[in-house]
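This report is for a reader new to the structure. It starts with one residue, then turns to the chain around it and to the place where two chains meet.

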Amino acid sequence: MIRKLANWFRREKLEASLDRELRYHLERRIADLERSGLSATEARRLAALELGGLAQVQEQVRDVWLSRWARDFAYDLRFSLRSFYKMPSFTVTAVLSLMLGVGATTAIYSLVDQVLLHALPVQAPERLVLIDWKGEHVVGGFGSWNLMSYPLCRDLDRQKQFFEGVFCRALTPVSLTAFGDAQPVTAEVVSGNYFQVLGVRAAAGRVLTTEDDGAPGANPVIVLSYDFWKTKLAGASDVVGRKLLLNSHPMTVIGIAAETFRGIDVGEVPSIWVPASMSGQAIPGFKDYLGLARWMQVLGRLSPGMTLHEAQTGLQPWFKALLREDIHRPDFPVITAERRRHFLNSSLVLTPAPQGHSSLRRRLVEPLWVLFAVTGVLLGLACLNVSSLFLARGSAHEREIGTRLALGASRGRLGRQLLTDSFIIALAGGVLGMFTAPIAVRAMVAYLPRLLPYGNAPNALHAGVDSRLLLFAVTASLAAGLLSGIAPAWQSRRHSLFTSLRERSGTALGGMRVRKVIVTAQIALTLTLVVGAALFVCTLDALMAKGPGFDTTSLVSFAIRGSQNGYSPAEGNRMIRRVDELIRQSPITQAAAIARYPLLTGGSWNNPMTILADKRIETPDDVNLNAVTPGFFETMGIRILAGRNFDNRDVRPPGDPGLRSAIVNETFVKRYLAGRNPLGLLICQGTGPNAKPNVEIVGVMSNFSYRGLREEAGQAYFPFLEGNDSGATFYVKVRGNPNTALSTIRAIVRGVDQTLPLVDFRTVSEQLDRSLTTEHLLATLSASFSALALVLSLVGLYGVMSFVVTQRTREIGIRLALGAQRWSAIWLVLRDALAMILVGIAIGLPLVWALGRLVKSQLYDVEPSDPTVIAVSILILASAAIAAAWIPARRASGVDPTEALRVE
Amino acid sequence: MLILQVVSLEPAHGYGIAQRLDQISRSVVQANQGSLYPALHRLEQKGWLRGEWKQSETGREAKFYSLTAAGRKQLAIEKDSWARLAGAVQLIFNEGGR
């Protein structure tokens with residue numbers, strides 16, 4: 001094959017050689033024949049006859065050199081390139097269209113692939129499953145999603161007939177001191193068999209084993225991630241065997257994990273791995289990891305040959321027995337008979353997890369598919385545009401094509417020539433798209449970590465081009481090539497040889513109908529994108545207009561976590577009070593307060609509650625809870641609507657825990673109390689016969705956002721500093737420029753403890769922005785994509801209308817000569833455009849309706865079929881389209897009758 | 001196979017090969033001269049023949065084909081398989097004749 005291809009490039013030499021060879025043959029034959037007595041002409045005739053035609057032999061030999069289709073293709077290629085070179089504006093427009101389409105699609109696909117599709121770089125990832133609990137939980141959890149207890153993971157690991165192994169893991173922020181400074185990093189707390197089940201080796205030293213996960217606190221060892229070792233420890237060769245401080249506890253580094261392995265969460269990459277037996281050190285205040293608390297994700301590797309379904313059904317009898325056993329455990333909570341029944345009905349659910357477990361994936365799965373669909377439509381529009389351009393070129397070349405047909409070119413051959421053209425354009429566009437995509441991906445990758453509560457965790461996302469992405473881009477380009485070539489190729493088959501030769505150039509209407517259909521389709525598709533963008537912009541707008549319910553001007557926040565830095569609860573509590581006091585005294589401070597949990601991070605402390613009114617009320621859903629210092633509501637500008645604010649009565653000395661008073665929000669009152677007066681009622685966390693309401697509601701506050709702007713849950717706030725709080729988020733209303741205040745605050749905290757890291761130190765407006773990351777992403781990207789779509793379809797419309805005007809110049813000229821008005825010439829052209837726009841919109845509306853249901857969950861305060869949004873979108877689209885059609889129409893009215901009639 | 005056999009005796013040019021084929025087969029095998037050249041080029045493409053421009057017997061430059069090592073091997077294979085086929089046919093005829 002290669003040699004045959006090489007023949008193409010030395011074909012001139014081959015031709016010359018063949019020519020000489022055949023000539024030699026003929027001359028020798030003629031000479032021989034003459035010697036046998038034939039006349040010169042007779043000999044010549046006979047020799048040629050014997051050979052069977054010189055040209056035929058040459059052609060047959062050429063087929064040996066390179067097969068027919070390949071030779072044809074090479075000729076097509078050369079012809080295409082030459083014709084593109086001669087029509088630069090056509091080529092540039094077509095290539096740019098596809099570059100936009102392929103570039104945008106590839107960029108989004110890069111994220112889709114990395115976040116949603118890419119399997120972990122571990123052994124046989126296809127056998128990994130996530131094991132989750134379906135049914136009633138009786139014990140609270142902390143962490144992200146799919147939470148299970150550590151003992152359950154141990155039990156599952158023993159079910160060897162189903163699993164090769166089952167491991168569990170949980171991400172937690174820790175403070176790590178390596179060679180000097182303490183730095184906040186993310187740790188993955190894992191069961192001892194984690195690396196072994198995943199099949200991940202060490203790059204240096206060794207990885208964790210089950211022996212490291214023995215008695216609680218007995219094995220102070222950690223494994224470093226390769227990236228952390230390289231970037232933060234400068235690849236120090238002697239790090240294995242050294243002791244680092246994890247939350248002030250000395251831990252020995254036993255190894256560095258393999259370079260390619262970045263944990264099982266693409267969105268949050270751990271810097272270190274800690275055995276679960278050391279969870280007391282990694283998660284301060286967490287004592288009982290062997291209890292029922294749910295805090296880890298459990299994943300397993302199915303035994304070879306075991307299907308997910310077999311394992312899931314096979315596990316249930318064992319699981320039921322386990323549940324019945326659990327009920328008799330001494331630490332099993334006391335619950336109502338009904339909840340016990342629900343609990344016993346729980347089951348295990350297995351889902352495939354070759355991509356691991358990721359909260360980023362959970363957040364992005366819908367937005368990314370929406371955006372991928374949008375870019376798909378954009379690519380489709382680009383293809384239609386190129387198609388339309390080809391048709392326009394085809395009409396201009398009508399006579400040439402007619403001539404080629406008349407000379408005996410087959411229609412199939414002509415169609416193939418057109419497809420070759422479109423593939424070349426598509427590949428050129430695709431290659432350019434490949435170069436632009438990484439730029440867009442880099443911007444988005446830099447933006448995405450804001451979706452996660454612990455913004456400091458690095459992620460495994462990259463903007464590079466790997467083989468999978470390359471394959472995708474090439475496939476997308478080839479599909480685009482086929483898609484944009486198919487209409488013109490089909491059109492070319494319908495050529496009538498006679499009409500195209502008979503008609504004079506410039507009057508043929510070939511391809512016009514197809515081009516109008518294409519433009520109509522473009523208008524319809526563009527409408528869906530414009531409406532989609534309008535919906536996302538409205539959503540973002542509605543959320544911004546709603547606001548968090550408190551005043552973010554000059555407000556900065558930061559967290560300190562005493563328990564991660566070696567403070568006992570009582571010491572930590574004293575330290576926080578000291579920092580609080582100093583910040584209040586500082587001249588930059590207008591007001592300052594503390595909350596136990598930060599606002600607008602997507603997470604919250606939550607629990608169902610029991611309310612003691614004239615009867616016991618149990619809330620059916622979770623109430624979001626927090627604890628704040630007196631002065632919090634004033635600092636944030638949150639109004640107290642009834643009762644009293646927290647004051648010094650609510651503050652208790654360190655080491656005296658217990659909740660005494662609470663302030664609830666309006667929603668809490670409206671949703672759970674059905675018109676009762678909330679003041680004086682007693683509440684408590686949790687439900688069931690054991691819940692003893694003993695906290696008095698002393699006030700009602702206006703609603704504001706805690707988890708995020710979309711939140712509409714009931715809230716109850718308790719006083720902070722009642723007891724043992726040792727970690728806190730400070731909210732400080734500063735005077736003057738917040739950015740200068742940041743350095744003053746940093747200095748204050750340094751003054752109290754030199755080594756204490758400030759976590760998530762930023763202005764609250766920035767935090768608010770971050771909480772809207774998904775919405776920003778969707779609004780910005782869909783708006784830019786729909787703007788591109790608009791440009792593409794306007795170019796299409798403009799092209800078709802210009803063509804119409806050129807073709808009808810003579811007709812318009814005659815009409816004008818016969819006394820028609822200028823405006824009637826405009827109308828003549830515009831009427832065509834209006835028909836396309838109206839039909840396009842009519843087709844687009846049902847599409848809008850269908851797509852609207854897909855994006856509904858991403859919207860806020862706007863319906864997918866909102867009439868105003870749709871009307872405005874139609875208005876934008878229609879007015880832009882009419883403007884695009886107006887320019888050629890104006891030109892029609894400017895036709896000079898005498899000129900038009902003379903043109904021929 | 002015939003071409004390979006002819007060339008295996010001595011390097012020859014296209015016309016010469018055509019002549020030899022004509023002679024050897026005593027005009028039983030009527031090879032069309034026109035199909036000779038595609039065949040020669042196919043064999044050259046496969047690497048069984050090598051073509052060189054040399055002085056011919058008439059003093060003019062002609063393209064002489066000679067057998068390559070791979071061509072020699074191929075010829076042996078084909079001869080062998082032909083011999084077996086011919087032998088088998090012979091056996092069948094003998095059987096029928098008795």
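Which residues does R301(A) touch, not counting residues up to four places away in sequence? They are R127(A), L128(A), F163(A), E164(A), G165(A) and V197(A); two residues are in contact if their C-beta atoms, placed from the backbone, lie within 7 Å.

This is a predicted model, in which local features need pLDDT of at least 70 and side-chain atom pairs count only at pLDDT 80 or more, while totals for chains, interfaces and linings use all residues. Residues are numbered from 1 along each chain as its sequence is written, and chains are lettered from A and ligands numbered from 1 in the order in which they are written.

R301(A) lies in strand 9 (residues 297–302) of chain A. Helices (H or I, at least four residues) and strands (E, at least two) are DSSP runs, numbered from the N terminus. R301(A) counts as buried because it has 25 C-beta neighbours inside 10 Å; the cut-off for buried is 20 or more other C-beta atoms within 10 Å. From R301(A) to A373(A) there are 72 residues in sequence and 33 Å in space, C-alpha to C-alpha.

Chain A as a whole holds 28 helices and 23 strands. Of its 904 residues, 43% are buried. Among its contacts between residues at least 6 apart in sequence, 84% join residues at least 24 apart. The C-alpha trace of chain A spans about 130 × 80 × 55 Å along its principal axes.

Chain B meets chain A through 13 of its residues, which are in contact with 17 residues of chain A. On the side of chain B that touches chain A, helix 3 of chain B gives the largest share, seven residues. By class, that side has four nonpolar, six polar and three charged residues. Ala, Val, Leu, Ile, Met, Phe, Trp, Tyr, Cys and Pro count as nonpolar, Asp, Glu, Lys and Arg as charged, and the others, Gly among them, as polar.

Helix 4 of chain A and helix 3 of chain B pack at an angle of about 15 degrees, with their axes 9 Å apart. The two helices are therefore roughly parallel to each other, a term for angles under 35 degrees. The table gives the residues that make this contact.

| Helix | Residues in the contact |
|---|---|
| Helix 4 of chain A | Q56(A), V57(A), Q60(A), V61(A), V64(A), W65(A) |
| Helix 3 of chain B | G34(B), Y37(B), P38(B), H41(B), R42(B), Q45(B) |

Note on methods
Axes are lines fitted to C-alpha atoms, for helices over the stretch in contact, and angles run from 0 to 180 degrees between N-to-C directions. Angles under 35 degrees count as roughly parallel, over 145 as roughly antiparallel, 65 to 115 as roughly perpendicular and the rest as oblique. A residue is buried if 20 or more other C-beta atoms lie within 10 Å of its own, exposed if 12 or fewer, and partly exposed in between; C-beta atoms are placed from the backbone.
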